Amino acid sequence: MDHYQYLILMGACLAVTAPLELFGARVYRRPARLARAVLPVAGVFLIWDALAIAGGVWTYNPRYVTGLRLPFRVPVEELVFFVAIPVCGILTYAGVQALGDRWRARRSRAVPRPAPTAPTAPAERAIRR
Amino acid sequence: MTGLGYTVPAVLAVAAVCAWELAFLRTGLFRRASYWVAMAIVLAFQIPVDGWLTKLSAPVVRYAPGQMTGLRFPWDIPVEDFLFGFALVTAALLLWEHQGRRRSGPGPGRRSRPDRPAPGRPQPEGELR
């Protein structure tokens with residue numbers, strides 16, 4: 001089980017943020033937009049990762065990773081990380097937006113607008129002047 | 001602290017992401033409250049997740065001491081990780097916003113007024129689906 005520690009942690013991140021989709025985040029329901037946001041960034045960070053691994057800036061503890069490696073000795077866990085974490089970030093952002101929209105909608109329903117008189121007021125003032 | 005193979009790229013990544021938004025994408029993400037709320041939530045979750053990955057007692061990721069400042073806070077998280085995380089999540093959010101804006105105009109109210117064009121930008125005809 002120890003070898004799956006990194007992957008399990010990434011799975012936990014996705015599991016914790018998944019309910020945001022149900023609160024109206026609408027991220028997984030737009031897979032093309034999600035892919036176009038996440039994949040280019042993941043590509044750039046994978047290049048950074050490969051360079052850092054090659055330069056010995058960081059290493060991965062063989063005890064806590066599967067040992068599966070992509071080209072340039074990048075652990076498969078890193079690809080999962082660079083997809084999962086931005087997905088979690090976008091879900092959080094879209095979730096915050098959805099909750100904000102919902103709160104504003106509820107407030108505008110609760111407080112009836114003084115709509116009929118308001119638009120005419122500037123015109124009346126102009127006439128009086 | 002000699003090579004700075006992590007510190008320097010981490011600072012540059014944050015600068016690059018900010019410059020990308022301010023000079024090219026201009027999504028307005030940094031002016032949106034929902035972005036800063038989401039980033040605060042992301043930060044709150046980064047601490048336990050990153051803390052797990054970097055804990056010195058059983059690290060998943062091990063850093064070469066010569067490549068960074070050596071400042072670790074909170075727990076054993078290298079401070080550079082927060083720059084790295086900021087750049088990763090913000091870059092993905094910028095592309096996410098960029099996609100949404102290309103399709104249906106700017107701003108948080110884009111769903112309620114989908115026909116408003118983005119100011120100062122040509123509308124990409126034929127990309128609207």
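In the predicted model, helix H1 of chain A meets helix H4 of chain A through A:Tyr6, A:Leu7, A:Met10, A:Cys13, A:Leu14 and A:Thr17 on the side of H1(A), and through A:Glu77, A:Val80, A:Phe81, A:Ala84, A:Ile85, A:Val87, A:Cys88, A:Leu91 and A:Thr92 on the side of H4(A). Sorted by class, this contact has twelve nonpolar, two polar and one charged residues. The axes of the two helices lie 9 Å apart, at an angle of about 15 degrees. Angles under 35 degrees count as roughly parallel, and H1(A) is therefore roughly parallel to H4(A). The crossing of H1(A) and H4(A) is left-handed.

Helix H4(A) also packs against H3(A), where the axes come within 9 Å and cross at roughly 140 degrees. This angle makes H3(A) oblique to H4(A), and the crossing is right-handed. From H3(A), the residues in contact are A:Leu34, A:Ala37, A:Val38, A:Val41, A:Ala42, A:Phe45, A:Leu46 and A:Asp49. Their partners in H4(A) are A:Glu78, A:Leu79, A:Phe82, A:Val83, A:Pro86, A:Val87 and A:Ile90. The contact of H3(A) with H4(A) has 13 nonpolar and two charged residues, and no polar ones. A:Val87 of H4(A) takes part in the contact with H1(A) and in the contact with H3(A).

The contact between the chains takes 30 residues from chain A and 28 residues from chain B. On the side of chain A, at least two residues each come from helix H1 (5–17), helix H3 (31–54), strand S1 (58–60) and H4. By class, this side of chain A has 19 nonpolar, nine polar and two charged residues. For the complex, the predictor gives an ipTM of 0.84 and a pTM of 0.82.

Between the chains, H4(A) (residues 76–110) approaches H2(B) (residues 33–54), with axes that come within 9 Å and cross at roughly 130 degrees. The two helices are therefore oblique to each other, and H4(A) passes H2(B) in a right-handed crossing. H4(A) contributes A:Gly89, A:Thr92, A:Tyr93, A:Val96, A:Gln97 and A:Gly100 to the contact. H2(B) contributes B:Ser34, B:Tyr35, B:Val37, B:Ala38, B:Ile41 and B:Val42. Seven of the residues in this contact are nonpolar and five are polar, with no charged residues.

S1(A) and S1(B) (residues 61–63) run in the antiparallel sense over three bridges, and A:Trp58 stands opposite B:Tyr63. In chain B, the loop between S1 and helix H3 (80–104) holds B:Pro74. The peptide bond from B:Phe73 to B:Pro74 is cis, with omega near -15 degrees.

Chain B has a mean pLDDT of 84, and 76% of its residues reach 70 or more. Over residues 105–118 of this chain the pLDDT is below 50, and this stretch has 16 contacts in the model beyond near neighbours in sequence. Residues 123–129 of chain B also stay under 50, and the model has four contacts for them beyond four places in sequence.

Technical notes: Residues numbered from 1 in each chain as written. Chains lettered and ligands numbered in written order. Predicted model: local features only at pLDDT ≥ 70, side-chain atom pairs only at ≥ 80, totals over all residues. Axes fitted to C-alpha atoms, helices over the stretch in contact; angles between N-to-C directions. Helix = DSSP H or I, 4+ residues; strand = E, 2+ residues; numbered from the N terminus. Parallel < 35°, antiparallel > 145°, perpendicular 65-115°, else oblique. Left-handed = near helix turned anticlockwise from the far one by under 90°. Contact = placed C-beta atoms within 7 Å. Nonpolar A, V, L, I, M, F, W, Y, C, P; charged D, E, K, R; others polar. pLDDT = per-residue confidence, 0-100. Pairing = 2+ DSSP bridges.
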